[in-house]
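Biologist: I should like to learn how to read a structure of this kind, feature by feature. Please show me the model and begin with the terms.

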Amino acid sequence: MAGTKALLTLENFINGKFVPCNSYIDSYDPSTGDVYCRVPNSGKEEIDAAVEAARAAFPGWSARSPQERSQVLHRLADLLEQSLEELAQAESRDQGKTITLARTMDIPRSVQNFRFFASSILHHTSECTQMDHMGCLHYTVRAPVGIAGLISPWNLPLYLLTWKVAPAIAAGNTVIAKPSELTSVTAWMMCKLLERAGVPPGVVNIVFGTGPRVGEALVSHPEVPLISFTGSQPTAERITQLSAPHCKKLSLELGGKNPAIIFEDANMEECIPTTVKSSFANQGEICLCTSRIFVQKSIYSEFLEKFVEATRMWKVGIPSDPSASMGALISKAHLEKVRSYIKKAQMEGAQILCGEGVDTLNLPRRNQAGYFMLPTVITDIKDESCCMKEEIFGPVTCVVPFDSEEEVIQRANSVKYGLAATVWSSNVGRIHRVAKKLQSGLVWTNCWLIRELNLPFGGMKSSGVGREGAKDSYEFFTEIKTITIKH
Ligand SMILES: NC(=O)C1=CN([C@@H]2O[C@H](COP(=O)(O)OP(=O)(O)OC[C@H]3O[C@@H](n4cnc5c(N)ncnc54)[C@H](O)[C@@H]3O)[C@@H](O)[C@H]2O)C=CC1
Ligand SMILES: N/C(=C\C=C\C(=O)O)C(=O)O
């Protein structure tokens, strides 16, 4: 373990200033298992200070025109883009993901989040109706809600944090954000750019620390009327309980147990590499990752053989290796949890076709205590197995056969989650029919994770409450009022 002096030490960002904390949490480099960073272990005191700053900044920021706020968001996007390589390196080290993914997905999308909301905030319109027989005109106005509490997870750290900060401040709110204690570095780096971008002190406050301590202090604060959360379902339940006495507005973006449905007329050349990617991208640590693959019986054996072959090509390597497709999992505890699912499946009689326990990982000596595992394919598994029901959030996917369209829809829908599904077929009529019947907030057909940020993003059932996107985020981060004028 490195000595304390060598460790990167983060500070909270409150009222436009970096503020040290009384206590710190160790943060690990997932590729080595070494502590390399100290994250503030904030609590109620820090939240109170952030609320004071956000309250004081609100009148000035909310009074600015959308055009003025838009310019600030554009400048922040430009500054993030200028630091792309530095941010990508930091994200990869902190999270364990490959540098390639951080460079091509995480940081570009974080930049895009600011650019997108800088533009979309300029194009909202309001409703107006007339009641001539009463001599009345009715119209709606929207106003920012106030101080927004934003809680984000560790899998796509800056990507998901900025997906909340950008729409919240574009709409005129001030914010208190709490990134995951496991991946706080890029949020702290972004704070260094806020003043240059023209974000006034107190508009964006970032308070670091654990969920139970600082997260709950934020959620429980009576002056924070709105919470936007991305993370696990049990945490969402706790946030809902704590928010209930205050009737807070909640947006909950939760997990998935996402099916891929592959019909016999699917284009295999596209379907196999895309389904490998949808199962194992970011170590399987994306809420949209595929974890149940249903394949029509007539092509099942052929699919399985080719899929396993392609999975074996999905190279696990140290995050800085440009040829690696997959890096390290987020933490030792998470790696153990993911492995425990594979053990359970084996005990139930399932077959592990490749990956954990079957193939061998090759890592440099310095990375042997890192949190790596191979992408793993399970088959001969029952729909009732916990591997087919629960979110594993790791590089593990199950492949099972099906006979008919009706049967596969029923099986795909038979879990508590309803976030994202993929459907592979060359029959357009079938694609429409199946997509409509799936209980899923998002359905990608013959592709995966092509995002149109204007349209609603979010899940059904236990995958969440509310949607995010241009119009949806605007509606969430504002309050609507109906005004009637009698003339
Ligand atoms: N977007 C998604 O779908 C995500 C799903 N997960 C799922 O959750 C599992 C556990 O991961 P965790 O890191 O434990 O997720 P989590 O839901 O506990 O963490 C997400 C965020 O919530 C905060 N948080 C935790 N407890 C809180 C509380 N009581 N009050 C307020 N904030 C709180 C965390 O500090 C973090 O910033 C994963 O294995 C995965 O299955 C995790 C991250 C993202
Ligand atoms: N919410 C998550 C992913 C979102 C992706 C997107 O907005 O494109 C997640 O993995 O938690």
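Modeller: Helices, of at least four residues, and strands, of at least two, are DSSP runs numbered from the N terminus. The model is a predicted one. With that numbering, α5 is a helix of residues 157-170, and glycine 172, which has a positive phi near 100 degrees, follows α5.

Biologist: How many residues does helix α5 have, and what distance does it reach from its first C-alpha to its last?

Modeller: Helix α5 has 14 residues and reaches 20 Å, close to the 20 Å expected at 1.5 Å a residue.

Biologist: Are the residues of α5 mostly covered or uncovered?

Modeller: A residue is called buried if 20 or more other C-beta atoms lie within 10 Å of its own. By that count 14 of the 14 residues of α5 are buried, and the helix is mostly covered.

Biologist: What span should helix α1 have, and how far apart are its end C-alpha atoms?

Modeller: Helix α1, residues 44-63, has 20 residues and should span 28 Å at 1.5 Å a residue; its end C-alpha atoms are 29 Å apart, which agrees.

Biologist: Against which elements do the buried residues of α1 pack?

Modeller: The buried residues include Glu46, Ile47, Val51, Ala57 and Trp61. Their packing partners are the strands β2 (12-14), β8 (147-151), β9 (174-178) and β10 (204-206), together with α7.

Biologist: Into which domains is the chain divided?

Modeller: Domain 1 takes in 8-255 + 463-486, and domain 2 takes in 258-445. Taken over C-alpha atoms, the centres of domain 1 and domain 2 are separated by 31 Å. To their contact, domain 1 gives 20 residues and domain 2 gives 28 residues. On the side of domain 1 that touches domain 2, the elements giving two or more residues are α3 (84-95) and α4 (99-120). By class, that side of domain 1 has seven nonpolar, eleven polar and two charged residues.

Biologist: Is asparagine 282 buried or exposed?

Modeller: Asparagine 282 counts as buried because it has 22 C-beta neighbours inside 10 Å. This residue lies in the loop between α9 (268-280) and β14 (290-296). Although asparagine 282 is not a glycine, its phi is positive, about 55 degrees.

Biologist: What is the phi of leucine 449?

Modeller: Leucine 449 has a positive phi of about 55 degrees, although it is not a glycine. Leucine 449 lies in the loop between β20 (442-445) and β21 (460-461), and it counts as partly exposed, with 16 C-beta neighbours inside 10 Å.

How values were computed
Residues numbered from 1 in each chain as written. Chains lettered and ligands numbered in written order. Predicted model: local features only at pLDDT ≥ 70, side-chain atom pairs only at ≥ 80, totals over all residues. Expected span 1.5 Å × (residues − 1). Buried ≥ 20, exposed ≤ 12 C-beta atoms within 10 Å, placed from the backbone. Contact = placed C-beta atoms within 7 Å. Domains from an automatic or database assignment. Nonpolar A, V, L, I, M, F, W, Y, C, P; charged D, E, K, R; others polar.
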